[in-house]
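Student: I would like a close look at one part of a protein model, and then to see how the rest is arranged around it. Please take it step by step.

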Amino acid sequence: MPHLYEYTPSGNCYKIRLLLTQLGIPFERTELDIIKGETRTPEFIRLNPNGRVPLVRLDSGELLSESNAVIFYFAEGTPFLPTARLERAQVLSWLFWEQYEHEPNIATSRFLISYLKKAEQFKDVLDQKRLKGHAALDRMEKHLTGHDFFVAGRYTIADIALYAYTHVAEEGNFDLSGYPAIRAWLERVASQPGHIPITG
């Protein structure tokens, strides 16, 4: 049985929990509080030298880190990952983009504001991240204006990856009221069979 080391509020951890649940794959969990430094202990560093969650121990005993690599692994051979060469590449394109343009701005803003409670201390940083975060949301809005989902006209791990932090973007002070296509897509994702909330 896979074992997930995670911090529940993390969107990166949520991606894996959501996919495994929707696939009907049972898994074990170990909760680590990143604010308390529980991923920086010598014991955890031996498991993941990056000192970050999520981390998954596979049935084989092998360890796999990086959220989008993990969901790609578990989606292989399922409807969540297309088989056509171009569509698979398009999924990867969105996964890479999510980690490079979306997550560093929207997720980091959420963490600083809602979890560390340091909005004033990091005001200048957050101002820059707000601009870049809205640029990411603008790109999503443009794409979703003509598509129900991100790739292949159906729900894939590209949607899971982008849903994880977009649906809680308002916790990072990103107002989604001006993004009707994104809001409609969020509802479509939340209506998928086996959907679970990020917490609770």
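Student: In which loop is Lys 117 found?

Tutor: Lys 117 is found in the loop between helix 4 (85-115) and helix 5 (123-144). Keep in mind that this is a predicted model. The backbone at Lys 117 deserves a look: its phi is positive, about 55 degrees, although the residue is not a glycine.

Pro 54 is found between helix 2 (42-47) and strand 3 (55-57). The peptide bond leading from Val 53 to Pro 54 is cis, and its omega is near 10 degrees.

Now place these loops in the whole chain. The chain has seven helices and four strands. Followed along the sequence, they come in the pattern β-α-β-α-β-β-α-α-α-α-α. The chain is divided into two domains, with domain 1 covering 3-75 and domain 2 covering 85-191.

As for overall dimensions, the C-alpha atoms fill a box of roughly 45 × 45 × 30 Å along the principal axes. A compact globule of 200 residues would have a radius of gyration near 16 Å, and the chain has 17 Å, so the two agree.

Next comes the boundary between the domains. The C-alpha centres of domain 1 and domain 2 lie 21 Å apart. Across the boundary, 18 residues of domain 1 are in contact with 18 residues of domain 2. Together the domains bury about 1400 Å² between them, and 66% of that is on carbon and sulfur atoms. On the side of domain 1, the residues that lose the most area to domain 2 are Lys 15, Asn 68 and Phe 72, which together make up 31% of what that side buries.

Polar links also cross this boundary. Nine residue pairs are in polar contact between domain 1 and domain 2. Helix 1 (11-23) and helix 3 (67-75) each supply at least two residues of the side of domain 1 that touches domain 2. The largest share of that side comes from helix 1, with seven residues. By type, the residues on that side divide into ten nonpolar, six polar and two charged.

Finally, consider charge. Side chains of opposite charge can pair when their charged atoms come close. A search of the whole structure finds seven salt bridges. One of them links distant parts of the chain, Lys 15 in helix 1 and Glu 98 in helix 4, which are 83 residues apart. The closest N and O atoms of Lys 15 and Glu 98 are 3.0 Å apart. Between domain 1 and domain 2 the count is one salt bridge.

Conventions
Residues numbered from 1 in each chain as written. Predicted model: local features only at pLDDT ≥ 70, side-chain atom pairs only at ≥ 80, totals over all residues. Heavy atoms only, no water. Domains from an automatic or database assignment. Contact = heavy atoms within 4.5 Å. Buried area = accessible area lost by both parts, 1.4 Å probe. Salt bridge = Lys/Arg side-chain N within 4 Å of Asp/Glu carboxyl O. Polar contact = N/O pair within 3.5 Å; in protein donor to acceptor, adjacent residues only side chain to side chain. Nonpolar A, V, L, I, M, F, W, Y, C, P; charged D, E, K, R; others polar. Rg over C-alpha atoms; globule rule 2.2 N^0.38 Å.
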